[in-house]
Amino acid sequence: MPNGTIVLVNYLYKGLTLSYSHHSHFLTRQSHLGRQLYHLNRSPDFQSKSLIWELKTMGRFSIPKLGFVLLCCLAAVTEAAYVKYKDPKQPLGVRIKDLMGRMTLAEKIGQMTQIERTVATPDVMKKYFIGSVLSGGGSVPAPKATPEAWIEMVNAMQKAALSTRLGIPMIYGIDAVHGHNNVYKATIFPHNVGLGVTRDPQLIKKIGAATALEVRATGIPYAFAPCIAVCRDPRWGRCYESYSEDHKIVQLMTEIIPGLQGDLPANSKKGVPSVAGKNKVAACAKHYLGDGGTTKGINENNTVTSLNGLLSIHMPAYLNSISKGVATVMVSYSSWNGVKMHANRDLVTGFLKNKLKFRGFVISDWQGLDRITSPQHANYSYSVEVGVGAGIDMIMVPYNFTEFIDDLTYQVKHNIIPMSRIDDAVKRILRVKFVMGLFENPIADNSLVNQLGSQEHRELAREAVRKTLVLLKNGEAADKPLLPLPKKASKILVAGTHADNLGYQCGGWTITWQGLSGNDLTTGTTILQAIKNTVDPSTQVVYSQNPDAEFVKSGKFSHAIVVVGEPSYAETNGDSLNLTISQPGPDTIYNVCGAVKCVVVLISGRPVVMQPYLSSIDALVAAWLPGTEGQGVADVLFGDYGFTGKLARTWFKTVDQLPMNVGDRHYDPLFPFGFGLTTKPARHN
């Protein structure tokens, strides 16, 4: 308190002799006013209205007591006027230290707790000091919710967090793995398996920046992306989330991180996270470590390799991510040589935190602690002990948060988990929240809502689609190519289950966790519609999903485009030992391509069995999972742009060759890594 104030108070109330050290002792024994002022004095924030109201009731106090109360009020006002951790001009370390010095154990454990939006009521946020909320795959405020509805939901939770004693903002996270994929009308970019084909880090950075704007358009500041897995076996159901089997391409693609988060400021320290303001989001490199190397590609399974194999194949992209200031790292469900990654202290604390100097926070995967045991959740207190002990800072609980909080509280109070481990976790979480400006700008506004699904972002996605396409075959001989197709033809046939199916085109992690079928999920352009948009007005386009051979033979078609592939899937549901395309895809290929010149466009999250059909196909295009902007496929089929993509994955002949990756001693692919025919843009009349 300023000296002048003390002099003034002493002048007014000469009888006041109680020392400030006795305030709390004295006040706890006073009237309702005393109790109120005691709590006001302990809190860095309070409402002046309640203070004024209380002052009106002071008539019942004696003069010395009133002077003492005034002194407490003045002290409280002074404290409220300046709190170090709320001052953005203070150094980061000072803010963290000041805030942590004020926090109780309950408040610290609350920061470590991430819960699902469906259980994140305002009362829960306040009572348990919850530090983070997430949307699971497909978890939305309402079907086809508007950006404004998202903002309203997130802000309601945030206001509850801000109303707690210390007012620490919560951080809301969501899977935005190919654009803001849970949200209706968002731009859905190609999945990573296609983006790796481009080998274009500047394109990936632009996609990151566009995704950040669309995520922020809904009031969300944290994206669980990118997945920097190195998928070594396409039988894995998450292979489409991986850029390549080659870690060098995955390393290139980490340029999405400065797209999402913004460029690192000059002279930034290695490993310290950086998020550049309200148009950017905190990113998350995942899944640490070896998620793409499991035996037979079985999801969440065991990666059997030497330390050298782990570090040389699966680790390099983490080095790039950390050097680019990635804010968070998510741990993998998988094991390394039988040890669950969620329980691997050597790799999480020893390597990631201590050796690589990562200073952001480490987050578990969904129910990641539960899955440390088999069956999962069999011994949760043990899972909490080894998971938090391994160095995981934030736990994606996501539902049974009271069990997690109770178990962790018990373990800290009984010295099973040291307080130093809790402090390390909270320090890291607060560091990310401070550097991203969450304390200064915790409440979202509607200023970015027009960014969601903007035309500019859709054009970027369309460009990405063009660059992800790989031409695997083009005519029986090099001098007789089928592609590019002429825009002007009397009649063309479009066939296949995937030609007019936006859901299949986008794949898993689109609107729902597993993805959808059909055209009612969101806004976009199917490949069929794109073809109709592209051909000459005089060209008749006939669509038949699965025509019989007689229909094709009698149709007098100039040529046919057959679009077939895999259904939508995510994670374990996508694990496949046979890697075949969906029925009736093979029949459609045989019926159409046996009767007319045809190009097959393959919609899939990975290489699939194609050798049996290759001889009957005139041209073959791998389109991967292109997302909402199917116009990009037609742009290249009809020659407005040339094919440029080169395989970032090996295309096997038969599944019994797997795993087979570039550089292997026995390497006999159908199409090798790096393969891709090129065409030049056509000159259309």
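Predicted model: local features only at pLDDT ≥ 70, side-chain atom pairs only at ≥ 80, totals over all residues.
Residues are numbered from 1 along each chain as its sequence is written, and side-chain values use heavy atoms, with hydrogens and water left out.

**Cysteines**

The structure holds two disulfides. With the bonded cysteines of the chain numbered in sequence order, they pair 1-2, 3-4.

| Disulfide | S to S distance |
|---|---|
| C231 to C239 | 2.1 Å |
| C593 to C598 | 2.0 Å |

The C231 and C239 disulfide is left-handed because its S-S torsion is about -105°. For C593 and C598 that torsion is about 105°, so the disulfide is right-handed.

Buried means under 20% relative accessible area, exposed over 50%, and partly exposed in between (1.4 Å probe, protein chains only). C231 and C239 are both buried. C593 counts as buried at 8% relative accessibility, and C598 at 0%. C227 is buried as well, at 4%.

**Nonpolar cores**

A nonpolar core is a set of buried Ala, Val, Leu, Ile, Met, Phe, Trp, Tyr and Cys residues joined through side-chain atoms within 4.5 Å. The largest has 118 residues, and Y288, F404 and L408 have the most contacts inside it. Apart from it lies another core of 68 residues, including L528 and W651.

Key
Disulfide = S-S within 2.5 Å.
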